[in-house]
Amino acid sequence: MSKLRSVVLLPSIGPFVRAFAAGAAVFAAGALHAQALPPGVRLGMTPGELQAAMPALERVQRPQRLAGGLIGSWQAAPVSMAGLVFEPIFFFADSQLRRIEFLASAQALPDGGAAAFAELLRWGRGAFGGELASNDPGTAYAAWTSEAADVYLQHVRDARRASVRLVYKARQVRDGSEL
């Protein structure tokens with residue numbers, strides 16, 4: 001009799017499991033699309049190629065300068081991800097797109113952006129696998145490596161400057177002689 005029950009129960013659970021899996025796949029696809037690079041954009045492209053891919057780009061009034069000669073000189077229209085509005089900045093060095101940074105202020109949110117960080121962390125795990133993580137009282141950080149890019153996610157939890165940042169950087173592989 002117990003064998004008969006297990007045979008009868010499995011088909012009744014199957015549609016539920018399939019529906020749950022389909023829902024999870026739809027959610028994951030939506031989340032992946034939300035955090036993917038803009039259509040036609042890839043690290044390594046020239047400023048002209050970026051402008052052709054994103055005609056609405058605007059020059060940044062005060063370019064940000066980072067180590068390695070990176071200059072954040074272009075910005076795109078804000079994009080919504082994980083319930084926050086992120087401002088994308090495009091950084092160039094040696095006339096190549098080397099870094100894309102999405103930054104959102106989370107000061108006005110009661111959780112300081114914790115829910116958005118958690119959602120983007122789930123996306124990163126789904127897209128890139130397990131992360132290298134750091135977590136201290138003021139900042140949480142997760143990083144992934146793919147063949148073409150290093151990706152990191154940062155959550156600053158200070159109430160006066162709470163923010164969430166998602167960064168794509170051109171992957172730089174070095175051998176021991178370059179260190």
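Modeller: The chain has three helices and nine strands, where a helix is a DSSP run of H or I with at least four residues, a strand is a run of E with at least two, and numbering starts from the N terminus. Along the sequence the pattern reads α-α-β-β-β-β-β-α-β-β-β-β. This is a predicted model, in which local features need pLDDT of at least 70 and side-chain atom pairs count only at pLDDT 80 or more, while totals for chains, interfaces and linings use all residues. Residues are numbered from 1 along each chain as its sequence is written, and side-chain values use heavy atoms, with hydrogens and water left out.

Biologist: Why is the pair of Trp123 and Phe128 called edge-to-face?

Modeller: A search of the whole structure finds three aromatic pairs. Rings of Phe, Tyr and Trp (its six-membered ring) pair if their centres lie within 6.5 Å; planes under 30 degrees apart are stacked, over 60 edge-to-face and the rest tilted. The centres of Trp123 and Phe128 are 5.5 Å apart and their planes stand at 85°, so this pair is edge-to-face.

Biologist: What makes Trp123 count as buried, and why is Phe128 called partly exposed?

Modeller: Buried means under 20% relative accessible area, exposed over 50%, and partly exposed in between, with a 1.4 Å probe and protein chains only. Trp123 has 6% relative accessibility and therefore counts as buried. Phe128 has a relative accessible area of 27%, so Phe128 is partly exposed.

Biologist: How is the pair of Phe128 and Trp144 described?

Modeller: The pair of Phe128 and Trp144 is tilted, with 6.1 Å from centre to centre and 35° between the planes. This pair links distant parts of the chain, since Phe128 lies in helix 3 (residues 114–128) and Trp144 in strand 7 (residues 139–145), 16 residues apart. Trp144 has 3% relative accessibility and so counts as buried. Ring pairs link Trp123, Phe128 and Trp144 into a cluster.

Biologist: Which residues touch the most other members of the largest nonpolar core?

Modeller: They are Leu50, Phe90 and Leu97, in a core of 34 residues. A nonpolar core is a set of buried Ala, Val, Leu, Ile, Met, Phe, Trp, Tyr and Cys residues joined through side-chain atoms within 4.5 Å. Helix 3 gives the largest share of this core, five residues. Apart from this core lies another, of five residues, among them Val60, Leu70, Phe91 and Ala93.

Biologist: How do you know that the charged end of Arg99 sits over the ring of Phe91?

Modeller: The term requires NZ of Lys or CZ of Arg within 6 Å of the ring centre and within 35 degrees of the ring normal. The charged end of Arg99 is 5.5 Å from the centre of the Phe91 ring and sits over that ring.

Biologist: Where is Ser146 found, and what makes Ser146 count as partly exposed?

Modeller: Ser146 belongs to the loop between strand 7 and strand 8. Its relative accessibility is 25%, so Ser146 counts as partly exposed. The C-alpha atoms of Ser146 and Ala127 are separated by 9.6 Å, and these residues are 19 residues apart along the chain.
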